[in-house]
Every structure is written in C-alpha cells, then in structure tokens.
Amino acid sequence: MELPNSVNYLSSTYGDAFADVYDDWYQQVTDVEGTVALISHLSQGREVLELGVGTGRLALPIASKGIPTTGVDSSSEMLRRLKARDTSKVVKIHLADMAEWLPVGPFKIIFCAYNTFFNLVNSAEQEQCLQLVRDRLTPDGLFIVEAFVPSNYSLLPTRGVESRHLANTTVLNITIREKVSGIVRGQSVELGESGAVLRPWKILIKTPDELDQIAARQNLKLVERWQDWQQSAFTSTSDHHVSVYALANS
Ligand SMILES: C[S@@+](CC[C@H](N)C(=O)[O-])C[C@H]1O[C@@H](n2cnc3c(N)ncnc32)[C@H](O)[C@@H]1O
C-alpha cells in the first residue's frame, strides 16, 4: 500500500477520493448551524464566497437563507455532488484551485471552514490564496478561517494507525508527519466485504500565529478570534479557532 507522495498528489486528489463518502462521514463534523448563523449575520445579506466548498454542507444552508453564495473547489467529484443536492441552483460554483484563481466578486465574506486551508500543502500556495482573498474582498469585507490549534488538538494526526467506525464502516487512518516540512500525509483505508478502498489526504498545518503572519503579509489584520462559531472566547487551551481578518487599511 502506498502513501501519497508529492509527485502524484494534486489539489483535486483529496476531494475526488472522499466525495463518495463525504456526506455520510462528515455531515456533522463541525457546527453547521453555528457556521451558517454567524456567516449569515456577518454577511449582512451580501455576497459570500466559500473556499473548498465541497458538497455544499455549509454553502447550501447559507444560500438557502437568500444570501448570494459562491463556492470554489478543485474537485469535480465534490462539485458534482453539490450540483445534485442543489436542486434550486442557489449556489454559484467554480472548479478551481483556490491558490490559483478566485471569482472577482467582490465579496463581503470569504470563508474557509473545517481546516480546509491546510489542504494547501505548501506555504507559497497558502500565501497566494490569501493574496487572492485580499484582492476579492469588498473594502469592508471579512476573511474567516476555521481550523484546529495544533498544540491543543488531541486528535492531531502524527504517525501511526488509528481505527474509526464511520457510518457503519470501519476505517483505518495511516498517518505520517514529515518533521522538516510539517506536512502530514495519510491514507484512509475503508475495509469492506469487497476489499479495501484507499483515500489519500495531505495537509500543511499552521498555528494561529503563523496564519496571522501569512495574513499580515497580505495586508489582512486579525480583528476577532473565537474558539468556535458560537463566538466563545479563545483561550490558551482552545483546540479550535474561528479567526476573522479584515483589510489592514480599511
Ligand atoms: C475538508 S473538505 C471541506 C468541504 C466543505 N467546506 C465542508 O466544510 O464540508 C475540503 C474541500 O476543499 C477542497 N480543496 C482542497 N484543496 C483545494 C484547493 N487547492 N482549491 C480548492 N478546493 C480545494 C476539497 O476538494 C474539498 O472539497
């Protein structure tokens, strides 16, 4: 069994591999209601863009509130599922790598939820993405990131094998953390009667401070940091953060 390597791992690899099980395995993995409520509130009913929109777990309920919502994703398989779910065609979608292209907007809110920013697996891509974000925000726009805090996150993948029972199936997650690059790569192995299904994934983890530094280099300043979508106070023991950035010169 091979772990993905940097040669064949593309920006579409994760999404294409997980699209068939995504809604079964991850529908409730984060606070959908809280995310929808806060994004809707902060948008003031204006244009919202989700980076790595996936199957529309978050974008669909936001758009259903009448908020003009656009999603970008690099996986055609994820977007195919979003389209199938979006029978009223409320979410505008674009197949694109968020480090390379974003719709012009401008957007009042651009957000990247559920650790999706870490799917950009080198620092240059993370910088490029935030440069695009900066250029696509309205002057009063906000960029919102949800991610885990590596030092406090007990489920942080490091090295080894863990098993999970997900939606009536057993899944082994084989993980390797590269010490120098900080990249964590893994292989999700779903064991079924007809054999094993392999789904590779790869992330480049950043601390909240590191994210602030990348943002600052792109003229984005931190204006709020909560530990969740309910706006609970962020503390030294928080294992997740919801961080809000605005244009530094706004
Ligand atoms: C963890 S899923 C999150 C999906 C959705 N935001 C949610 O919360 O359910 C990450 C998504 O980001 C997409 N993605 C990964 N790398 C990307 C990239 N470079 N550009 C655009 N989308 C990307 C994947 O295809 C996948 O749909």
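User: Which residue in β9 is the bridge partner of Gly192?

Analyst: Gly195 in β9 is the bridge partner of Gly192. Keep in mind that this is a predicted model, where local features need pLDDT of at least 70 and side-chain atom pairs count only at pLDDT 80 or more, while totals for chains, interfaces and linings use all residues. Numbering runs from 1 along each chain as its sequence is written.

User: What makes β8 and β9 a pair?

Analyst: Strands are DSSP runs (E, at least two residues; helices are H or I, at least four), numbered from the N terminus. Two strands pair if DSSP finds at least two bridges between them. Strand β8 (residues 183-192) and β9 have ten bridges, in the antiparallel sense, so they count as paired. A hairpin of two residues links β8 to β9.

User: And what makes β6 and β7 a pair?

Analyst: Seven antiparallel bridges connect β6 with strand β7 (residues 169-177). Glu162, for instance, sits opposite Asn173 in β7.

User: Why do β6 and β9 stand at the edges?

Analyst: The open sheet has four strands in the order β6-β7-β8-β9, with antiparallel pairing. β6 (160-166) and β9 (195-204) each have a single partner strand, so one side of each lacks a neighbour in the sheet.

User: What makes phi worth a look at Gln44?

Analyst: Most residues other than glycine have a negative phi, and most peptide bonds are trans. Gln44 is not a glycine, yet its phi is positive, about 55°. Asn115 also has a positive phi, near 60°.

User: Where is a cis peptide bond, and what is its omega?

Analyst: Gly105 and Pro106 are joined by a cis peptide bond, with omega about 0°. Pro106 is in the loop between β3 (91-95) and β4 (107-112).
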